[in-house]
Amino acid sequence: MESDPLFVLAGLLAAGVGAQWLASRLHLPSIVLLLATGLLLGPVTGVLAPSALFGDLFGPIVSLSVAIVLFEGGLSLRVSEARKLGWPLIALVLGGLTIAFGLGTLGAHYIGGLSWPVAALLGGILVVTGPTVVKPLLRIARLKQRPAHLLRWEGIVNDPFGALLAVAVLEAVLLQQSSDGVTLAAVADLIARVLGAGLAGGAFGWLLGVALNRAWIADHLVSPMILAGVLVAFAGADALLHEAGLLAVTVMGVVLGNMSTHRIEAIRHFKEDVATLLIGFLFIVLAADLTFDDLQGFTLGTGLFVLAVLFLVRPITVHLSLLGSKVTAGERNLIGWIAPRGVVAAAMGGALAPVLEKAGYADARLVLPVLFGVIILTVVLHGITIGPFARKLGVAGGKGGGVLLVGATTWGIDLARTLGDAGVDVIVVDAAHQAVTQARLRGLEAEWGDPLHEDVLDDLPLERIDLVLAATPDDKYNKLVALALAKNVGRDHVLQVTPTEEAAPHLMGRTPWGEAGSYAALSSRYWGGRRFRTSELTEQYDGEAFRAQNEDALVLFVVSETGVKAVGESDELPVGAKVVWTG
């Protein structure tokens, strides 16, 4: 019985989401289960043959899916963050790209035994590190800001450049086989098309940003318009040069993500869900498209090359590119180890290797097995070791003793200032531009965005945070924030104002202040004239004396040498600590 493409497509999307769900339950890297699913459906059982099923549409489906994933990555990059990183970022992206390409090509030829054109193609593809696998690792490890930001930027920026490098190799091989060969005019034409694709993507992103700012696009059409824009920009740039669309959509995402528009949040909501669907789909179909002949061609030499990529090429690349920079030895060692490959590497191999094989290079069929070997090994090893290795090298963020206040309300801003006066490092985050502006005008460090979105969460300096307080007027939202942040700082370190409706403790943050700590009660106190205050306890004026003098006081926090702690009515107030309270 012939497979129904509609049924298969729906099943693939469901299988992708299901594998990611199971991986989260088992605390395994999702890519491992996705690749296992693809191999089971493809070469093991023969149930699925994507290229035969989808025919000529298989390549475009993969390419457009990768384009959306890369746009999502570009959308999260902040130019201000790049300025702070400075020269190390430039060195890692440009210098690292060149060194990794050279070493990877040499290794693939001399260790893997591959022909020079195939080795160069692999060298170009393997310079990429995917944001789809880097970002989850960073979220788990909670690194210090500089290594975390360098790894994230490298993962997103290197993807399109690595893709273009691989395309350039392919173009050079095909030109060499043509009657004219590689000429200066052909090289100049290639460079012009690459620059044109990048400029077109940037212009498209800017135009969309202007349209959003001036409300030319209705709210219900924002996400569909952006998605259609990404696909059109990719297709247009791809017409200039095969796979140049990847550069165009990445630049488009960066430009749009750095424009001042509050409506970008609508895009973030939508693209996270779409990217999750597509990542699962891509890994399964690319793995399923392998054959047993491809897997059996994996030799000892190619196996040794896979190991060389991890243990030689990456460390040497990072140490050479960051030589003389301010990046510490510990940070260089960690960055030199962490370089998981993801969906872009697999997609590029699936798109370009068959072209090279048709050009007469039989060993091009080994490209995908080698790439999957690198992907599986890097994801598993890096996922297991990033936390312990970061702690060993002293680049893990740890508990910084600060407070993250979610909700820049009027009294929330006052509470943050009072905590700051008591010596606490406070960061305020809110999804409302005006609220964030007010917090900044009061001298607070405030970030704009919704912490439920992974891009916003990635940008927050969680290595400085010990406690999170969700204090918005929306109890349900506070519960969601508490659940989301508990994964990063631990459930015992997440607080929320007391909700009006009871909920299971595991479905919300801690509520140490009882009914007096609800949003309504705290607001009533504040607007009734009871402001937040700080009192220092001494042996003469201890906790008992404080409570006797301030019988109606609601003590919220105790700040001592050991850090900041939320306290309840019956908790002891230690001598030498500062008490943050409201009368």
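This is a predicted model: local features need pLDDT of at least 70, side-chain atom pairs count only at pLDDT 80 or more; totals for chains, interfaces and linings use all residues.
Close-up 1. The elements that give two or more residues to the patch are α6, spanning 87-110, and α15, spanning 300-321. Leu-106 has its place in helix α6 and is partly exposed, its relative accessible area being 43%.

Close-up 2. Tyr-110 counts as exposed because its relative accessibility is 59%, where exposed means over 50%, whereas Trp-116, at 40%, counts as partly exposed.

**Close-up 3. Trp-411, Tyr-519, Tyr-526, Trp-527 and Phe-532 form one aromatic cluster.** Over the ring of Tyr-526, one of the residues of this cluster, sits the charged end of Arg-531, at 4.1 Å from the ring centre. A search of the whole structure finds nine aromatic pairs.

**Close-up 4. The largest nonpolar core holds 94 residues.** Of these residues, Leu-122, Met-348 and Phe-372 touch the most other members, and helix α13, residues 264-288, gives the most to this core, with eleven residues. Apart from this core lies another, of 34 residues, including Leu-467, Leu-556, Phe-557 and Val-580. In soluble globular proteins, nonpolar side chains tend to be buried together.

Notes:
Residues are numbered from 1 along each chain as its sequence is written. Side-chain values use heavy atoms; hydrogens and water are left out. Helices (H or I, at least four residues) and strands (E, at least two) are DSSP runs, numbered from the N terminus. Buried means under 20% relative accessible area, exposed over 50%, partly exposed in between (1.4 Å probe, protein chains only). A nonpolar core is a set of buried Ala, Val, Leu, Ile, Met, Phe, Trp, Tyr and Cys residues joined through side-chain atoms within 4.5 Å. Rings of Phe, Tyr and Trp (its six-membered ring) pair if their centres lie within 6.5 Å; planes under 30 degrees apart count as stacked, over 60 as edge-to-face and the rest as tilted. A charge sits over a ring if NZ of Lys or CZ of Arg is within 6 Å of the ring centre and within 35 degrees of the ring normal.
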